[in-house]
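Hi there,

Here is the structure I promised to send over. Have a look at it first, and my notes follow below.

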Amino acid sequence: MRNPLSDTIVTIKPSGIRKFFDIVSEMEDAISLGVGEPDFDTPWHIRDEGIYSLEKGRTFYTSNAGLKDLKVEITKYIKRTQNVSYDAEQEVIVTVGGSEAIDIALRAMINPGEEVLIPQPSYVSYEPCAILAGAKPVIIELKEENDFRLTAQELQDAITDKTKILILPFPNNPTGAIMEREDLEAIAEIIRKKDIFVISDEIYAELTYKEKHVSIVSLPGMQERTVLINGFSKAYAMTGWRLGYACAPKKIMEQMLKIHQFAIMCAPTTSQYAAVEALRNGDEDVAMMRESYNQRRRFLMHAFKEMGLKCFEPYGAFYVFPSIKEFGMSSDEFANRLLQEEKVAVVPGTAFGDCGEGFLRISYAYSIESLKIALDKIGAFVDRLRKERS
């Protein structure tokens, strides 16, 4: 019998995040700090709008690119937050989560063998999606001494004559790192000079704690060479609604829409009506959740300092990325022992790229009460490991 499988698919590893999630789901009394999902319910007025859309019988397909009202609200949001204008009819598409937007952007832009620069540690989907699009992924290792930011020199060193796209994953999952305006200005100069394109994943744009998020599309000459990706999962606690969007120049968007038409048809109608309400009236909800996350972030940083666990201070998303190099074991070994001995689940840094070795991703999208219990257990585990090594 012939092999029914794609050679390309077989070479792609399954998600390291889901591996630990599956283990925890079978373990009684385990505390999980591993999943990047808000612990807040979707704000009631947003849920209510989704319910109302069902009561009114709005269960039809929308246009392929999405509801007109939603696309208009997306352009208004970007205008008020970044002072950048998009054409709602020709430069915006509503997708099934930000993940679909990443996938179709790469497939619309890549020719076989072209290179995609992927800073790591970063979200698990970038590299597989690049491979599925026929690209050669080129990994740029982000360094702790640079607060896991992408430097101009690192970008310059990675570019070849085959480089087509830079994926810009900030605010970053898993590190919580951000790029400030001066960081972006330095790399934008190289991007323009080398004539490459950017896919900027800004799903955590509303969750920054040092300064307001700056998008690379707001810099001179960058909007015309950038696909901006965002969505509703993180800022509005709408993970299960599966809704994201992309904004891009018309030339790119036409091809993204073509893939979306054949693969998806349209994003969920109920979710789109709810998202209109989120963008129109959800700013206060976002501010409340952001303040709660910031409180938890500060709590974790203080706890790590108390237990002597090295961790750079993250200013974005809802993750911390502490170093466990002092213990002389791999990230996977540390996470497995912590789970088995203390019933606390975290994600090994290697789930986000090989350069995540020696680190853990810990999500603080959980209640303070859960965090306190988990950190007490982590502290006890760390003390025990140090005694073993002394």
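Let me start with a strand pair: strand 11 and strand 12 run antiparallel to each other and are joined over two bridges. In this pairing, Val 347 sits opposite Arg 361 of strand 12. Please keep in mind that this is a predicted model.

The pair belongs to an open sheet of three strands, ordered 9-12-11, with antiparallel pairing. Strand 9 (319-320) and strand 11 (347-348) are the edge strands; each has a single partner strand, so one side of each has no neighbour in the sheet. As a reminder, strands of a sheet pair through backbone hydrogen bonds, in either a parallel or an antiparallel sense.

Is Ala 365 buried or exposed? Its relative accessibility is 1%, and because the cut-off for buried is under 20%, Ala 365 counts as buried. Which residues does Ala 365 touch, leaving aside neighbours within four places in sequence? They are Glu 37, Pro 38, Asp 39, Tyr 293, Arg 296 and Phe 318.

Next, the backbone angles, starting with two cis peptide bonds. One joins Gln 120 and Pro 121, with omega at about 10 degrees. Pro 121 is in the loop between strand 3 (115-120) and helix 6 (126-132). The other runs from Phe 170 to Pro 171, where omega is near -10 degrees. Pro 171 is in the loop that lies between strand 5 (163-168) and helix 8 (181-194).

Two residues other than glycine have a positive phi. For Asn 83, phi is near 55 degrees. This residue is in the loop between helix 4 (68-82) and strand 2 (92-95). With 58% relative accessibility, Asn 83 counts as exposed, because the cut-off for exposed is over 50%.

For Lys 343, phi is near 60 degrees. Lys 343 is in the loop between helix 12 (331-342) and strand 10 (344-345). Its relative accessible area is 33%, so Lys 343 is partly exposed.

That is what I have for now.

Best wishes

Key. Residues are numbered from 1 along each chain as its sequence is written. This is a predicted model: local features need pLDDT of at least 70, side-chain atom pairs count only at pLDDT 80 or more; totals for chains, interfaces and linings use all residues. Side-chain values use heavy atoms; hydrogens and water are left out. Helices (H or I, at least four residues) and strands (E, at least two) are DSSP runs, numbered from the N terminus. Buried means under 20% relative accessible area, exposed over 50%, partly exposed in between (1.4 Å probe, protein chains only). Contact means heavy atoms within 4.5 Å. Two strands pair if DSSP finds at least two bridges between them.
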